[in-house]
Amino acid sequence: MTLTTRKFDALIVGAGGAGLRAALQLSNAEARVAVVSKVFPTRSHTVAAQGGVNAALANVLPDSWHWHMFDTVKGSDYLGDQDAIEYMCRAAPKVVYELEHFGVPFSRLEEGNIYQRAFGGQSQHFGKEQAARTCAAADRTGHAILHSLYQQNLRAQTHFFDEYFAIDLIKDDAGHVLGVVAFDILSGEPIAIEAKTTLIATGGAGQIFRTNTNALSNTGDGMAMALRAGVPLEDMEFVQFHPTGIAGRGMLITEGARGEGGFLINDQGERFMERYAPNAKDLASRDVVSRAIAIEVREGRGCGRNKDHALLDLRHLGADTIMKKLPGIREVSMTFLGVDPIEAPIPIFPTCHYSMGGIPTNRDGQVVVPVKDTPEDPVPGLYAAGEAACVSVHGANRLGGNSLLDILVFGRAAANHILDFLKDNRHHRPLHKESVDRALARLARWDRKGEGEAVEPLRRELRKIMEDHCGVFRTAEVMQEGVTRLHDLRERIDNAVIRDHSRTFNTARVEAMELENLMDCAMATIVSALGREESRGAHSRMDFTDRDDERWLRHSLYSLQDDAMDYKPVRTQPVTVESFPPKERVY
Amino acid sequence: MEFSIYRFNPETDSAPYMQDFTLGDDLVEPGMMLLDALLLLKEQDDSLSFRRSCQHGVCGSDGMNINGTNGLACIMPLKDLKTPIVLRPFPGMPVIRDLIVDMDNFYHQYREAEPWLVNDSPEPEVERLQSPEDRDKLDGLYECILCGCCSAACPSYWWNPDRFLGPAALLQAARFIQDSRDEATEERLERLDDAYSLYRCHGIMNCTQVCPKGLNPSKAIGDIRRIMIKRSV
C-alpha cells in the first residue's frame, strides 16, 4: 500500500485559538498552510472559554501593560519567564484590537469601546487597587473569538484537514521536524503531511484528572507527540484547579462571576475569602482561592448534605447584570443543577482546569530543548503555542484572562517566526521513512485482536489515580504510590485491546490513542510534581510547605526516556524593563 | 433504562437497523445527561459511534435525533426522556455511521453565507466603536454553535439542501447583516435575493423549536426579509 502524502509550507496541528490565529497570519502572508484537527475547528476547546482576554486597554479603569506584567509575574509565583511575559503584556492591546477588527462581537461600554471586567490577580500601580483588564463578549468570549478566527480563515482560504487525528511527528536523524503522520478519522486511512514547519497547538491535558472543566478531547495529544519525539515537557507539575467548577460535575463557572461582584460563602454564610486574602478577597489568584475552598471544606465548613463544597453567591448582582453579563453560566447552572443564580447560590468546588506546563518554547514559539551546555536550543522546524506549550508566561499559576491572551500572542508570534524560517528554508527535506513507519506502527497496534483490557476502564483508573495521588494537596508518599500505580497502568495499556476494528469513523481507536497520550501526560505531571520539593503557585506540598527560591526558582523538564527529570533556569530578565525579583506573595 | 439506537456500519451492514441497549439502574445517577448514558453504553459496545467533546453544550458536536426531536445529548437530561429512548442520526443528512452524519453540505452552506466581517475602511489603531444598542442586535445571532439541529429539522432544507441555505447559515447571514461594523450589507442581501437561498423558508419554525441554545433563526430570517423589502421600495 502506498501512503498518501501531502506537502505544505506550514502545518498546524490543532484548530483552537492558537492554531487558528497562527493559520490566519500565515494564510494572509500567502504561505501554503494546512491545519489538522481531530474535531471540526469550532468544536475546539477555546470555544468554552468564558470570561475574557486580558489587555491593558484602560477602557474602564487606568491601566498599563507594565502593571499587567507585574500581576502576571506575581501570579506566576515568580516562575514565569519575564522576557516572554513582557512581550505578551506589551502585545496584548494590539492583538485584542486585531480581534475586534476580525469581527469578534465584544460587549461594549456606553461610548462604544470594548467592555472590560475585573478578574482575579489584577491590580493598578503594581499591586494596589483592583484593575479591570479582561475584555469580554458577555461570558462567551472564547466562542466569540474562535468562531471569528475560523471565519477569517475561511475568508483567507486556509486549508483544513477536519477530523484528522495526528499520530506522531516525523523527525529525521538530523533532528529536523518534517511534519506529521495522521489518519483521516472518516476513512481510517493514514496520511503523511510533510511541512517545512510544524506548529503544535493541541491544547491541554485536563482529562488526566477525574473532575475537570475540560472537553473530552483535551487529551494532551501534542504534548505526548513531543515527548515521543524526544522533547521534554516543562513544568508539568503545575496544574491549575479552577476555584469554581460546578461541585461534583466540573462544568466551569467563569471567574467573571466574581469579577462582576459575586462572592464565595461557606456553611456559616461567611465570606471566607476575607480571611485568606484581605485585600483582593474573592479576586485573589486562582491557586489561592482554590486552596481556601479546599481548606474550608476540609475543616468542616463545607456546604450541602455532605459538606463537600462552597457556594458562589450572585443573587445581589440582580437579574439584569446576570442576564446581560453572565447569560452562559446561568444557562449552565440551570441545565446541570436546576439552580437559577438569580435566585440561589451555585454549589462549586475546585476543578482541574488548565496545564501551565507543556512543550518548552521561546517567545518566538520555537520549541527549545537542552543540548549540552545550552538549556534552550531550537528544534529546527518545530513550534508550539497555547496551552500545549510552555513559553513560560504562566509559571506556577496562570491568571484568569491570560490563556486567551497567550494563544493569540504566541500563535501570532510563532507564525511570524515561521514566515522568517520559510524564507531561509525554501525546500522540503527528504521524508524520513523510519519515523513514518514508527507512527504507522502505533496506529496498527490497535488492530490487535484477542483478549485484553478495554480502554475506558483504564482511562477511568488513570484519572482516579491522578485525582487521588496528585491533587490540590500533595505529599511524597502519596505521589510515590501514584507513580507506582501509573507504571503498572502503563503496562496494562500496552496490552489493552479494542473490539471495533472497522476503518470508518472508528471512535474507539481514536479514544485508545488518546488514552496513550493521557498516560504520557499523567506520568509527566506526577513525576515532575514528586521532583519539586517546595510549594509554589498551584503546586502545593504538605511536606514542603514553603516556596524555596534558592533551590527551586527553576523550570522542570520531564523526559519520557526513563521518566528522567532535568531542570533549567528561569529567565528573570525582561526585554526592556527591570526584573521583578521574587517577593512574598500576598493578595 | 432502555434505549433503541440506530446502527449502521457501511463496512458490514447492507442496511441500517435499530439495536436495543439497556443501561443498568445502578449506573443511572440523578442529574445524568443523555451523553453520560451514551458513554456508558459505548463501554458495553465500543463500536457504538457518535461525536462528542465539551459535554456542556458549547462545542456543538453531539447533535442527534432524540425521541423524534433534534437536540444535543450532553445537555439533554435523562429524566425528561420517555423510555425506551430512541436515538437516530439527524434526519436529512447522509449517515456515515450510527449517529454520525456527513455535515459537509451543512458547512458548505455556512461558507456560502460568507460568515466573516467585511470592513475595508482604513483600520484604526484601536477598536472600531459600536454602541451598546448596536451590539445588542447581535445577541441571539452570534451564539450559534453550528450543531446542525436546526437545519436538520427543516423540511425546506431536507428538500433543497443544495440551494436553500438553511436556518443555521441564514442565522449567520443575519449576524453580519445586523453588525453595524460590516460594510458588505448590500452584497449580502444581493446574494440572498433569489428564489431559493432565503425564500425557501416557509416559516415552519422547527429550527426555533429545536435550537438547543434558545436562538430564533426563524425570526432572524424574517428580519432579513424585512430589510430586503425595505431596500427594494
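Predicted model: local features only at pLDDT ≥ 70, side-chain atom pairs only at ≥ 80, totals over all residues.
Q: Why does A:Asp63 count as buried?
A: The cut-off for buried is under 20% relative accessible area. A:Asp63 comes in at 14%, so it counts as buried.

Q: What makes the pairing of A:Asp63 and A:Arg133 a polar contact?
A: A polar contact needs N or O atoms within 3.5 Å. The side chains of A:Asp63 and A:Arg133 are joined at 2.9 Å, so the pair passes on distance. Leave aside the neighbours within four places in sequence, and A:Asp63 is in contact with A:Ala55, A:Ala56 and A:Ala58 as well as A:Arg133.

Q: What makes A:Asp9 and A:Lys196 a salt bridge?
A: The limit is 4 Å between a side-chain nitrogen of Lys or Arg and a carboxyl oxygen of Asp or Glu. This pair meets at 2.9 Å, N to O, so it qualifies. Both A:Asp9 and A:Lys196 are buried, too.

Q: Why say that the pair of A:Asp9 and A:Lys196 ties together parts of chain A?
A: Look at where the two ends sit: A:Asp9 is in strand 1 (residues 4-13) and A:Lys196 in strand 9 (residues 190-200), so the bridge links parts 187 residues apart in sequence.

Q: How do you know that A:Glu514 and A:Lys38 form a salt bridge, and what does the pair tie together?
A: Their closest N and O atoms are 2.7 Å apart, and the limit is 4 Å. A:Glu514 belongs to helix 15 of chain A, while A:Lys38 is in the loop between strand 2 (33-37) and strand 3 (53-54), so parts 476 residues apart in sequence are tied together. Here again both A:Glu514 and A:Lys38 are buried.

Q: Why are A:Arg117 and A:Glu260 called buried?
A: A:Arg117 has 2% relative accessibility, so it is buried. A:Glu260 has a relative accessible area of 17%, which is under 20%, so it counts as buried as well. The two form a salt bridge, with the closest N and O atoms 2.8 Å apart. A:Arg117 is in strand 4 (residues 116-117) and A:Glu260 in the loop between helix 6 (256-259) and strand 12 (263-265), so this bridge spans 143 residues of sequence.

Q: What makes B:Arg51 and A:Glu163 a salt bridge?
A: Their side chains meet at 2.7 Å, N to O, and the rule asks for within 4 Å. Across the interface of chain A and chain B, that rule finds 10 salt bridges. There are also 41 residue pairs in polar contact across it, both residues at pLDDT 80 or more.

Q: Which helix gives the most to the side of chain A that touches chain B?
A: Helix 4 of chain A, with eight residues. By type, the residues of that side divide into 25 nonpolar, 19 polar and 18 charged.

Q: How many residues are in contact between chain A and chain B, and what area is buried there?
A: 62 residues of chain A are in contact with 64 of chain B. The buried area is about 5,000 Å², with carbon and sulfur atoms giving 51% of it. In chain A, A:Arg43, A:His101 and A:Leu216 lose the most area to chain B, together 15% of what that side buries.

Q: Which residues of helix 2 (residues 104-112) of chain B are buried, and why are they said to line one face?
A: They are B:Phe106, B:Tyr107, B:Gln109 and B:Tyr110. Viewed down the helix axis, the buried residues fall within an arc of 160°, so they line one face of helix 2. They pack against helix 4 (141-155) of chain A, and against helix 4 (155-159) and helix 5 (166-177) of chain B. After helix 2 of chain B comes B:Glu114, with a positive phi near 45°.

Note on methods: Residues numbered from 1 in each chain as written. Chains lettered and ligands numbered in written order. Heavy atoms only, no water. Buried < 20%, exposed > 50% of the residue type's maximum accessible area, 1.4 Å probe, protein only. Helix = DSSP H or I, 4+ residues; strand = E, 2+ residues; numbered from the N terminus. Arc of directions from axis to C-beta. Contact = heavy atoms within 4.5 Å. Buried area = accessible area lost by both parts, 1.4 Å probe. Polar contact = N/O pair within 3.5 Å; in protein donor to acceptor, adjacent residues only side chain to side chain. Nonpolar A, V, L, I, M, F, W, Y, C, P; charged D, E, K, R; others polar.
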